Amino acid sequence: MTRMGSATDMATPLRHVVGARLANQFEDKLKIVTVGGLLRHYPRKYDKRGDLTDISKLKEGEKVTVWGTVRRADTRYPGPGSKVRSITKVTVSDGKTDITCTFFNQPWMSKQLSPGTNAMFAGTVGKFNGESQLSSPQVMIVGHENDTTLGDPDLRSVGRSKAKDQLATIEEFPGGSIPVYPVSEGISISVVQSAVRMVLDQLDEIHDPLPSSFRELHDLVGLDSALRNIHRPQSDEDLEKAKKRLRYDEALSVQLVLARRRELARQYPAEPCPPRPDGLLAAFDKNLPFTLTAGQQGVGEEITKDLSTIHPMNRLLQGEVGSGKTVVALRAMLQVIDNGRQAVLLAPTEVLAAQHARSLRHVLGPYARGGELGAPPEAIAITLLTGSMTAKAKRQALLDIVSGQAGIAVGTHALLSEGVYFAGLGLIVIDEQHRFGVEQRNVLRQRHPEGNPPHVLVMTATPIPRTVAMTVYGDLEVSNLIGLPRGRSPIATTAVPAKARPGWVDRAWERVHEEVGKGHQVYIVCPRIGDDDEGEDDGETHEPPDENGEEEKRPPLAVLAVARELAEGPLHGLRIGILHGRMPPTEKDAAMRAFTNGETEVLVSTTVIEVGVDVPNATMMVVLDAERFGMSQLHQLRGRVGRGSAPGICLLITEYGQRSPAMQRLEAVASTLDGFELAERDLELRREGNVIGTSQSGNRSGLRQLVLKDHRETIELARVDATRLVDADPSLALYPGLADMVRSLIGDDQQDFLEMG
Ligand code: ADP
Ligand code: MG
């Protein structure tokens with residue numbers, strides 16, 4: 001089977017080591033073809049093997065591990081009146097003696113432990129009807145009597161049963177840690193275990209591509225030791241060291257891809273747009289009705305510097321809701337305009353795009369009247385382009401943009417799809433990034449008909465956890481806009497369990513009357529629209545966690561029905577408007593304008609108001625079925641209130657119980673106004689495993705050890721290292737081994753994903 005005399009390394013085809021038949025199995029079932037591929041197939045966990053006890057010598061009350069072959073497995077369903085739903089009895093034999101293992105409410109056990117299965121059972125010995133038994137023991141399946149066994153020829157010596165071979169395979173694991181591999185139908189864990197052992201026994205010392213200075217710096221073991229110990233740990237300590245090293249390799253691989261991507265972007269030329277002392281920006285600054293916050297000034301300086309260079313800016317601006325990102329973006333746009341270029345501002349919704357166009361015109365005053373009689377000479381035009389505009393209006397807008405009439409184009413995705421061309425695009429601003437996919441960012445970058453790529457500024461109020469920012473958005477430089485403009489009022493948030501405290505709900509509606517009585521306005525947010533065409537609502541609502549699964553759940557509350565019921569019931573007499581994503585654009589616009597002007601006092605809406613909507617007179621928000629929204633989303637939503645000088649209140653109403661996880665999430669939102677903290681907790685709850693987006697179609701990445709939420713420090717170290725390596729050696733010519741590592745850990749498709757940035 002083995003090629004005598006030739007070295008076995010990571011690139012060696014697996015078939016040279018384990019033979020063609022088995023190699024085919026690995027290729028078919030696990031897509032593994034090389035020795036390296038197998039060694040990168042890490043155990044998903046390790047079972048601890050205790051000393052095996054002879055079944056005939058079991059004593060009541062003892063904690064034991066026994067090994068044997070399943071003879072029989074039956075599940076019985078006692079039916080109504082019984083405390084348990086199912087009882088599975090499994091008879092296990094070690095060849096001489098039998099013992100019964102009992103499992104309650106695990107009917108699948110009889111399938112998993114079909115006759116002939118070899119397994120270990122660990123538990124406490126009990127007595128039932130005078131006989132020893134193990135009640136709900138831990139089970140580790142070792143293999144099946146009919147499995148092909150491989151391994152040492154002497155393990156196959158005549159007269160030994162296959163079951164004994166498997167036991168031998170298990171027993172020889174050093175330190176008693178038995179690796180349990182991810183497998184698929186048609187290949188068993190014990191086959192992987194044996195193959196790994198054969199490979200490790202034959203393998204020459206594995207070459208380590210990581211420069212030794214890096215290893216020393218971070219106290220990492222060599223690759224040879226790491227790969228051997230991840231499969232056959234001698235001790236827990238060795239296993240930890242192995243994991244640490246492999247985790248680092250994964251983090252470094254991701255960061256190398258990103259660092260190379262940034263390096264590439266830096267090589268593009270851009271149109272330098274330095275600030276002009278006599279331009280529109282200077283005039284705007286002079287007339288600003290407020291002073292910029294320290295944060296706005298700081299970030300503004302960073303952006304000014306970026307825009308002045310000959311390389312395109314790629315910057316992510318994160319700032320809490322209400323921190324004043326729009327002004328920062330506008331000032332960047334004006335700086336670009338002062339250099340004879342155009343800027344485009346993209347918003348995730350038409351409501352927000354229209355609001356942006358309105359408010360930009362408002363703050364720019366006469367400077368936004370470009371082309372009109374009597375406007376100052378440096379004035380520009382602001383052009384709105386959204387998907388739902390009439391063909392005629394669209395044509396005019398496109399014309400203004402391509403002719404250069406439009407200094408600033410504001411729009412939605414329509415700006416991507418309409419085949420819009422710019423006279424000279426200098427800056428793309430993307431508001432509320434989280435609604436914009438990676439691909440769209442990429443399309444935009446390429447929307448410069450001729451000349452150099454534009455600068456890009458991405459803004460978000462949904463803070464991206466640092467680890468995500470460093471990976472998925474790793475090609476962007478990050479600025480944080482800290483601090484809120486003075487005079488902002490805090491928002492008091494309360495989670496309301498509607499069933500336990502119905503009185504609080506009544507009180508909430510009274511409170512709505514009081515706010516309106518004081519001349520303020522109120523948002524009421526529902527998870528659904530509730531017109532006929534269900535199932536396609538515009539909110540990104542989360543399915544609530546299935547908490548007990550018992551009760552039939554009613555459908556989530558809907559805008560149309562809630563608006564009707566409130567108008568006839570608790571909010572009778574108030575002027576109520578509605579807003580949702582499927583209203584015709586003109587109606588949407590009218591509804592938003594009516595609320596902005598104070599004509600409607602209460603706005604019942606879906607999450608279309610989630611991002612960016614700015615009505616300072618709104619002081620209260622009631623979120624219904626609040627458990628349906630993510631924590632970051634609720635944080636966004638409540639940011640719509642408390643934008644004026646009066647304090648804001650936000651009530652998160654749920655029908656889930658007081659001690660339910662749903663209620664705990666709502667209380668977490670109520671307990672902090674720190675969007676970063678909530679984003680981190682959201683990430684934890686989503687249990688996002690891999691670094692690279694889960695959206696990838698079934699293609700497993702090679703990242704197994706690195707978990708975004710747990711390994712921030714490793715990612716940070718690796719980012720620094722990768723930047724250093726790529727700065728010194730952009731194509732990694734000096735480290736071909738590292739380039740190979742990146743390729744093996746991050747498949748080509750995944751690399752594309754990262755590269756799209
Ligand atoms: P966000 O960061 O959530 O997008 P906006 O840009 O919409 O916040 O700003 C919220 C409000 O704060 C706007 O009405 C804006 O005019 C106002 N604003 C921005 N900067 C300041 C400042 N330095 N002082 C006072 N008000 C400001
Ligand atoms: Mg905003």
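Colleague: How many of the residues of β9 are buried?

Modeller: This is a predicted model, so the answer is computed from predicted coordinates. A residue counts as buried when its relative accessible area is under 20%. By that cut-off β9 is mostly covered, and the number of its 6 residues that are buried is 6.

Colleague: Which residues point the other way from β9 when N314, L316 and Q318 point one way?

Modeller: In a regular strand the side chains alternate between the two faces of the sheet. In β9, N314, L316 and Q318 point one way, and these residues are buried. Those pointing the other way, also buried, are R315, L317 and G319.

Colleague: Which residue stands opposite R315 in β15?

Modeller: β9 pairs with β14 through 5 bridges, in parallel, and there R315 stands opposite L457. β9 also pairs with β15 in the parallel sense, over 5 bridges. In β15 the residue opposite R315 is E477.

Colleague: Which are the edge strands of the open sheet?

Modeller: The sheet has 7 strands in the order β11-β12-β10-β13-β14-β9-β15, with parallel pairing. Its neighbouring strands are turned by 20° against each other on average, direction ignored. An edge strand here pairs on one side only, and the two that do so are β11 (381-385) and β15 (477-481).

Colleague: Which residue in β13 stands opposite L346?

Modeller: β10 and β13 run parallel and are joined by 5 bridges. Across this pairing, L346 stands opposite I430.

Colleague: At about what angle does α11 run to β15?

Modeller: α11 lies across β9 (314-319), β13, β14 and β15. An angle over 145 degrees counts as roughly antiparallel. The angle of α11 to β15 is about 155°.

Colleague: Why is strand β20 called largely enclosed by the rest of the structure?

Modeller: Strand β20 covers residues 618-623. β17 (residues 521-525) runs parallel to β20 and is joined to it by 5 bridges, with Q521 opposite A618. Strand β20 is called largely enclosed because its buried residues number 6 of the 6.

Colleague: What is the handedness of the crossover from β20 to β21?

Modeller: β20 and β21 (residues 648-654) run parallel, joined by 4 bridges, and M621 has C650 as its bridge partner in β21. Between these strands the chain passes through helix α21 (residues 631-638). This β-α-β crossover is right-handed.

Colleague: Is α9 roughly parallel or roughly perpendicular to α25?

Modeller: Helix α9 (residues 236-267) packs on helix α25 (residues 736-745) with the axes 9 Å apart and at an angle of about 100°. Residues of α9 in this contact include L252 and L256, and those of α25 include L738 and M741. Angles of 65 to 115 degrees count as roughly perpendicular, so α9 is, relative to α25, roughly perpendicular.

Key:
Residues are numbered from 1 along each chain as its sequence is written. Chains are lettered from A and ligands numbered from 1 in the order in which they are written. This is a predicted model: local features need pLDDT of at least 70, side-chain atom pairs count only at pLDDT 80 or more; totals for chains, interfaces and linings use all residues. Side-chain values use heavy atoms; hydrogens and water are left out. Buried means under 20% relative accessible area, exposed over 50%, partly exposed in between (1.4 Å probe, protein chains only). Two strands pair if DSSP finds at least two bridges between them. A crossover is right-handed if, with the strands pointing away from the viewer, the path from the first strand over the helix to the second runs clockwise. Axes are lines fitted to C-alpha atoms, for helices over the stretch in contact, and angles run from 0 to 180 degrees between N-to-C directions. Contact means heavy atoms within 4.5 Å. Angles under 35 degrees count as roughly parallel, over 145 as roughly antiparallel, 65 to 115 as roughly perpendicular and the rest as oblique.
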